[in-house]
Amino acid sequence: MKKILDPTKIKKILEKKYKKSRVGMCHGVFDLLHIGHIKHFEEAKKISDILIVSVTADEFVNKGPNRPAFSENLRMESLAALSCVDFVCLSDSATAIKNLKIIKPNFYIKGIE
């Protein structure tokens with residue numbers, strides 16, 4: 001199954017195949033993917049049957065000159081390669097709010113708390 005999808009398509013898949021699943025969602029830029037990100041996703045997966053990662057679109061990344069270092073497509077591809085991540089989607093706004101309203105996960109996992 002393809003992992004990188006539009007949030008609306010992810011929602012339809014969830015409604016069709018994963019009605020009783022616990023769905024978790026993480027959101028961020030995830031430029032220069034590192035072990036801290038991976039550990040975050042692994043912890044998020046422990047409380048989620050399905051883990052979705054929402055990625056900030058290039059136009060909304062404000063982390064300094066020449067950033068993001070990797071394009072939104074490369075960042076999404078990297079995340080999709082992780083076994084603990086079930087779906088990846090792009091956020092076409094500065095925050096996760098739009099994707100959260102579409103997908104309506106059981107959990108929004110943003111940090112250790």
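Reply: Phe-30 sits in the loop between strand 1 (23-28) and helix 2, where helices (H or I, at least four residues) and strands (E, at least two) are DSSP runs, numbered from the N terminus. This is a predicted model, in which local features need pLDDT of at least 70 and side-chain atom pairs count only at pLDDT 80 or more, while totals for chains, interfaces and linings use all residues. Residues are numbered from 1 along each chain as its sequence is written, and side-chain values use heavy atoms, with hydrogens and water left out.

Me: What makes Lys-104 exposed?

Reply: Lys-104 lies in the loop between helix 4 (97-103) and strand 4, and its phi is likewise near 55°, a positive value in a residue that is not glycine. Its relative accessibility is 59%, so the exposed label applies to Lys-104.

Me: Why does Glu-42 count as partly exposed?

Reply: Glu-42 belongs to helix 2, and its relative accessibility is 41%, which means that it falls in the class between buried and exposed. From Glu-42 to Asp-6 there are 36 residues in sequence and 23 Å in space, C-alpha to C-alpha.

Me: Why is Thr-56 called buried, and which residues does Thr-56 touch, not counting those up to four places away in sequence?

Reply: Thr-56 is placed in strand 2, and its 5% relative accessibility is why it is classed as buried. Contact means heavy atoms within 4.5 Å. With residues up to four places away in sequence not counted, Thr-56 touches His-27, Gly-28, Val-29, Val-61, Arg-75, Leu-90, Ser-91 and Ser-93.

Me: What makes Val-61 buried?

Reply: Although Val-61 is placed in the loop between strand 2 and helix 3, its relative accessible area is 12%, and therefore Val-61 is buried. Beyond its neighbours within four places in sequence, Val-61 contacts Val-29, Thr-56, Arg-67, Pro-68 and Arg-75. Two of these partners, Arg-67 and Pro-68, are joined by a cis peptide bond with omega of about 5°, and Pro-68 is also found in the loop between strand 2 and helix 3.

Me: Which residues is Lys-110 in contact with, leaving aside its neighbours within four places in sequence?

Reply: Lys-110, in the segment after strand 4 (107-108), is in contact with His-27, Gly-28 and His-40 under that condition. Lys-110 and Gly-28 are 82 residues apart along the chain, and their C-alpha atoms are separated by 8.6 Å.

Me: What makes a set of residues a nonpolar core?

Reply: A nonpolar core is a set of buried Ala, Val, Leu, Ile, Met, Phe, Trp, Tyr and Cys residues joined through side-chain atoms within 4.5 Å. The largest such core has 15 residues, and those with the most contacts inside it are Cys-26, Phe-41, Val-53, Val-55, Leu-79, Val-85 and Val-88. Helix 2 (35-46), strand 2 (50-56) and helix 3 (72-80) are the elements that give two or more residues to this core. Val-85 touches Lys-3, Phe-41, Leu-51, Val-53 and Leu-79, with residues up to four places away in sequence not counted. A second, separate core of 12 residues includes Ile-10, Ile-52, Cys-89 and Ile-103.

Me: How do you know that the chain is as compact as a globular protein of its length?

Reply: The chain has 4 helices and 4 strands, which run α-β-α-β-α-β-α-β from the N terminus on. Its radius of gyration is 13 Å, close to the 13 Å that the globule rule gives for 113 residues, so the chain is as compact as a globular protein of that length. The radius is taken over C-alpha atoms, and the rule is 2.2 Å times the number of residues to the power 0.38. Buried residues make up 42% of the 113 residues, and residues 24 or more positions apart account for 78% of the contacts with a separation of 6 or more.

How values were computed: Buried < 20%, exposed > 50% of the residue type's maximum accessible area, 1.4 Å probe, protein only.
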